[in-house]
Amino acid sequence: MQSFLFHSPMQVFFGKREIARIPEILLREQGNHGRVLLLTDTGVAASGIPQRIVEQIKACGFSTELIDTVPREPYSTDVDELVDSVKNKKFDFIIGVGGGSVLDTAKLLSVLLVLKTATVESLLEKGVSEKGIPSIMVPTTAGTGSEATPNAIIVLKDKQLKVGIVSPFLVPPYVVLDPETTLGLPSSLTAATGLDALCHLLECYISKRANPHSDLLALEGTRLIFTSLHKAFIDGSDVEARSNMLLASFYGGLCIASSSTTAVHALSYPLGGAYRIPHGVANAILLAPIMEFNRDAVVERLIQAAIRIGISPKLGDSDLSIAFVRTVKELVQSLKIPSRLSEFGIKKENIPELTEQALKVSRLLSNNPKPMSYEDIKSIYERIL
Ligand SMILES: [Fe+2]
């Protein structure tokens, strides 16, 4: 049996209207005093959810500042500038309310405010040496699972490269999963973020680092996504589908914390870094071709996944792993997200450079169940051009 270690948040609140519990968490941690930074982005701020949280915590005596300027898929310099703008304000607590970019930024900020002289690039070089100020993460998309992971993903502007900072100190102590915060998510984002969660679950399930803990979560999370992603895409107000997706996304994050994503995320990073293709969309484009590439190395695992989601073989399928890969492909197609790299301005002559960049993501490629050569990666990019 594969040995494993898993990290997880200390307390997780799940359910409708659980954001109302945030003041209670603060009171327990801080008494009724302290300065709280609430970090979000303009899209989430437009929903009014962060402002509601601010009102609730102000009513309990906390001094609060709301910053809604976190950019989508931030550069390391964006995070450094944010740290510079708040470091003298002596915040005791951070609340991140948003998608993966906001939560990753909040996680980095929590440690950078303690390690006063550090920058994001110095964390990349030297690692994270201490835990940050306490934090609560409130995901408003169901995809990245950032609320459960020890990772923070940022883009290095000069290298046009997307990279991950990984440390147990980045696992937040408190998480609030309230499906009502995801009800306003547009269908295109529901699709892209939901497929990102599916990638986390399936990549972790077939990863060389898969283990009994991650398998348990990966199979159940995959079942939840096949039950609910299309429903949430068609009807964003379906609270049960939204709840299932939020749970599946959280399970995906927990899987990452004990197993690892593999080739989909490795090949996706250069697409996000150099061409700014949204993370979930890049993963969605890559998912089916990479499942097809890996299938013969993980037939038994995919058969188990097929059984779990209750699919049957078609005439001519030699086994259920083929039916499973086909079902994944059909789900991606049904969600109407872009399917070709050329839609993002990528040309054939760009593929060698993309391939070189993907090969550098050895942290993830080394966990793929099948080795991937330069030619393997190049031919996958060519197939989806
Ligand atoms: Fe992801």
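The structure is a predicted model, in which local features need pLDDT of at least 70, side-chain atom pairs count only at pLDDT 80 or more, and totals for chains, interfaces and linings use all residues. Residues are numbered from 1 along each chain as its sequence is written.

The protein chain is assigned domain 1 (11-182) and domain 2 (187-383), with bounds that come from an automatic or database domain assignment. The C-alpha centres of domain 1 and domain 2 are 26 Å apart. Where the two meet, 25 residues of domain 1 are in contact with 28 residues of domain 2; a contact here requires that the C-beta atoms of two residues, placed from the backbone, lie within 7 Å. On the side of domain 1 that touches domain 2, the elements giving two or more residues are β6 (151-156) and β7 (161-166). Such labels follow DSSP runs, numbered from the N terminus, with helices (H or I) of at least four residues and strands (E) of at least two. That side of domain 1 has ten nonpolar, eleven polar and four charged residues. In this grouping, Ala, Val, Leu, Ile, Met, Phe, Trp, Tyr, Cys and Pro count as nonpolar, Asp, Glu, Lys and Arg as charged, and the others, Gly among them, as polar.

Next comes the sheet. Six strands form an open, parallel sheet in the order β1-β8-β5-β4-β2-β3, where two strands pair if DSSP finds at least two bridges between them. β1 (11-14) and β3 (63-67) are the edge strands, each pairing on one side only. On average, neighbouring strands of this sheet are turned by 15 degrees against each other, direction ignored. Strand β2 (residues 35-39) is joined to β3 over five bridges in the parallel sense, and Val-36 stands opposite Thr-64 in β3. Helix α1 (residues 22-30) lies across β2, β4 (93-98), β5 (135-139) and β8 (174-177), running at about 160 degrees to β4. Axes are lines fitted to C-alpha atoms, for helices over the stretch in contact, and angles run from 0 to 180 degrees between N-to-C directions.

Several helices also pack in pairs. Two packed helices are described by the angle between their axes and the distance between the axes. Helix α8 (residues 212-234) packs against helix α9 (residues 239-258) at an angle of about 150 degrees, with their axes 8 Å apart. α8 and α9 are therefore roughly antiparallel to each other; angles under 35 degrees count as roughly parallel, over 145 as roughly antiparallel, 65 to 115 as roughly perpendicular and the rest as oblique. The crossing of α8 and α9 is left-handed, a term used if the near helix is turned anticlockwise from the far one by less than a right angle, with right-handed used if clockwise. The contact of α8 with α9 contains 13 nonpolar, eight polar and three charged residues.

For helix α10 (residues 263-275) and helix α11 (residues 279-294), the axes come within 9 Å and cross at roughly 140 degrees, and the two are therefore oblique to each other. Their crossing is right-handed. Residues in this contact include Leu-267 and Leu-271 of α10 and Leu-286 and Ile-290 of α11. By class, the contact of α10 with α11 has eight nonpolar, five polar and no charged residues.

Helix α14 (residues 351-359) and helix α16 (residues 374-383) have axes that come within 9 Å and cross at roughly 125 degrees, which makes α14 oblique to α16. α14 passes α16 in a right-handed crossing.
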